[in-house]
Amino acid sequence: MHTSLPTETQAPRIVVPDDLVQRLEEQTGVTVCFFDASGTPVEPGVSPALQGLVREVLDAGEDRVLSVPDGLAGAWLVRQRGRPTLVAGALLAGLGPAGERLGRRLLGAVSEAIRTRFAQAELAGQCESLSGALSQSFEELSLLHNVGEVLRVTRPVISLMQYVCEELCATTGAEASVAYLPGVSGGRPTLVTAGVLPVPTSDLPRLFDHVLEVAPESILVNNQCRADPLLGRFSLTLEQLVAVPLMLGEGPTGTLALFNRPREEFGSPDAKLLRSSANATAVFVENRRLYDELQAMMLDLVRALVSSVDAKDPYTCGHSERVATTCRELAVELGLPDEQVERTYMAGLLHDIGKIGTPEAILCKEGYLEPEEREIINQHPVIGGNILKGIRQLEAVRHAVVHHHERLDGSGYPDGLTENAIPFLARIVGLADAFDAMTSNRPYRPTMPLHEVLAEIDRHAGTQFDTGVVEAFRRIDKKHLMEHYAASADTTPTDPLRR
Ligand SMILES: [Fe+2]
């Protein structure tokens, strides 16, 4: 059920200022009366002569002043918003023929006073209305500004929708707000709520399906939901609802809604505010989808590149992906923000990208490496850094790639950095890299048992590995990590001696 919104063209209510009538009557001796646009007097007890004159004025559409048996009568159309909305009448009794000219001037002055007063009242009304509209616009702009402030494309969609719902409740005074996306690009439905819902959460998808059905591309405002044959079925406490579609792509994809505001009906300002919020949300969701697609494409490209490196050496297949997985687990455990977590994952994926420049004869050589061969293979962090040079977005990743073989005691390479001089991401990658190396099979000896690997990592905490990263590693569920490794497509081992 659609409920019509209040319009701007409704006839204004006639309010006759008492003080005006009293003042005019006291100062001029006239009797002043008012009539509505159909000629009905606002107050009873009007003289028949004046009543007749008012009808004449309404029929003719113009003002008149006439001599009547007991004096002079005048009637004037009063216009509001450009159209006649009432008639003012005045009766001046007790004038002789000699006083008629003076009486007409007096009635003219009375009519001017009345018109001026109503014009002032209309202006005051317009000011009030403009003030209300300004206040509404301010609230709308304020909400959109607040939403705009948090519209970072890296922000998760759910987090943004939650923020919008909470802001809507705070701005409109609605008891609850809901954002619903049945599923973007085949994804799972997203339902975000704020406030106290009058409808069970499980019923919301069905309710919004109904809203989209009856108002696919328009605003739904209903202040009497319980009387609605369909909406009334959902809940006894669902009284009021405003809903607008979230327009994604070519058509409505979701809904943004407000529920219940007991002390005031929802109206067009609320609907307008909701529409603006829905538009901002829809633009964000679409941008986020494009961003995710770009991210996924970049990850696929990086994986393809990394695979080409891993493919050079059968013992390193899957190594980069496993290191990246461990890096992500460590970053999460260390409490890094989401963007840093993904950056650490990327660093894990790319850490050995420099091996693309290592001759296969050395990379694939079985057994121990000669010193000069080790020197060549040890150039891979620098080569990797050179490959990533100039990619602004991967600058932090590049530093991790260059320094992932540094050790806290300065015995690592390529620069022999110590302690905090080693980039933090590089310290995370360093531990993840060593863990994968030790837990992988080698051609000349089997995988080290997990407890030995963990003891080895503990033993080198503070000399090779960052103690904070080691502590985070202790807290990680290693069984889960190994299961993740096992689930990888190819777990062919790396050879730690050639790292
Ligand atoms: Fe490496």
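Mentor: We may begin with a salt bridge between the side chains of Asp 203 and Arg 206, at 3.7 Å from N to O. Bear in mind that this is a predicted model. In general, side chains of opposite charge can pair when their charged atoms come close.

Trainee: Is Asp 203 buried or exposed?

Mentor: Asp 203 has a relative accessible area of 18%, so this residue is buried. Arg 206, by contrast, is exposed, because its relative accessible area is 51% and the cut-off for exposed is over 50%.

Trainee: How many salt bridges are there by this rule?

Mentor: The count comes to 20. Among the residues involved, Glu 56, Glu 62 and Arg 64 are linked in a network of salt bridges.

Trainee: What separates Arg 303 and Asp 300 along helix H6?

Mentor: About one helical turn lies between them, because they are 3 residues apart in helix H6. Arg 303 has a relative accessible area of 27% and is partly exposed.

Trainee: Which residue forms a salt bridge with Arg 328?

Mentor: The partner is Glu 342, and the closest N and O atoms are 3.2 Å apart. This pair links distant parts of the chain, 14 residues apart: Arg 328 belongs to helix H7 (residues 319-333) and Glu 342 to helix H8 (residues 338-350). Arg 328 is partly exposed at 29% relative accessible area, and Glu 342 is also partly exposed, at 36%.

Trainee: Let us turn to the metal. Which residues are the protein donors of the iron ion?

Mentor: The donors are Asp 352 through OD, and His 380, His 404 and His 405 through NE2, lying 2.1 to 2.4 Å from the iron ion. Their spacing in sequence is D-x27-H-x23-H-H. Of these, His 380 in helix H11 (residues 380-388) and His 405 in the loop between helix H12 (395-402) and helix H13 (424-439) link distant parts of the chain, 25 residues apart. His 380 is buried at 0% relative accessibility, and His 405 is buried at 8%.

Trainee: Why is the arrangement around the iron ion irregular?

Mentor: The 4 donor atoms subtend angles of 82 to 170°, and the arrangement is therefore irregular. A tetrahedral reading would need all angles between 85 and 135 degrees.

Trainee: Which residues make the nonpolar surface patch of about 330 Å²?

Mentor: Leu 294, Met 297 and Leu 301 make that patch. Met 297 is located in helix H6 (residues 268-310) and counts as partly exposed at 48% relative accessibility.

Technical notes:
Residues are numbered from 1 along each chain as its sequence is written. This is a predicted model: local features need pLDDT of at least 70, side-chain atom pairs count only at pLDDT 80 or more; totals for chains, interfaces and linings use all residues. Side-chain values use heavy atoms; hydrogens and water are left out. Patches are made of residues with over 30% relative accessible area and no salt bridge: like charges are joined within 9 Å, nonpolar side chains (Val, Leu, Ile, Met, Phe, Trp, Tyr) within 5 Å. Accessible areas come from the Shrake-Rupley method with a 1.4 Å probe; for residues, only the protein chains shown count as cover. A salt bridge is a side-chain nitrogen of Lys or Arg within 4 Å of a carboxyl oxygen of Asp or Glu. Helices (H or I, at least four residues) and strands (E, at least two) are DSSP runs, numbered from the N terminus. Buried means under 20% relative accessible area, exposed over 50%, partly exposed in between (1.4 Å probe, protein chains only). Donors are N, O and S atoms within 2.8 Å of the metal (3.2 Å for Na, K and Ca); water is not among the atoms, so sites may look incomplete. Four donors count as tetrahedral if all angles lie between 85 and 135 degrees; four count as square planar and six as octahedral if opposite donors are over 155 degrees apart and all others between 65 and 115; anything else is irregular.
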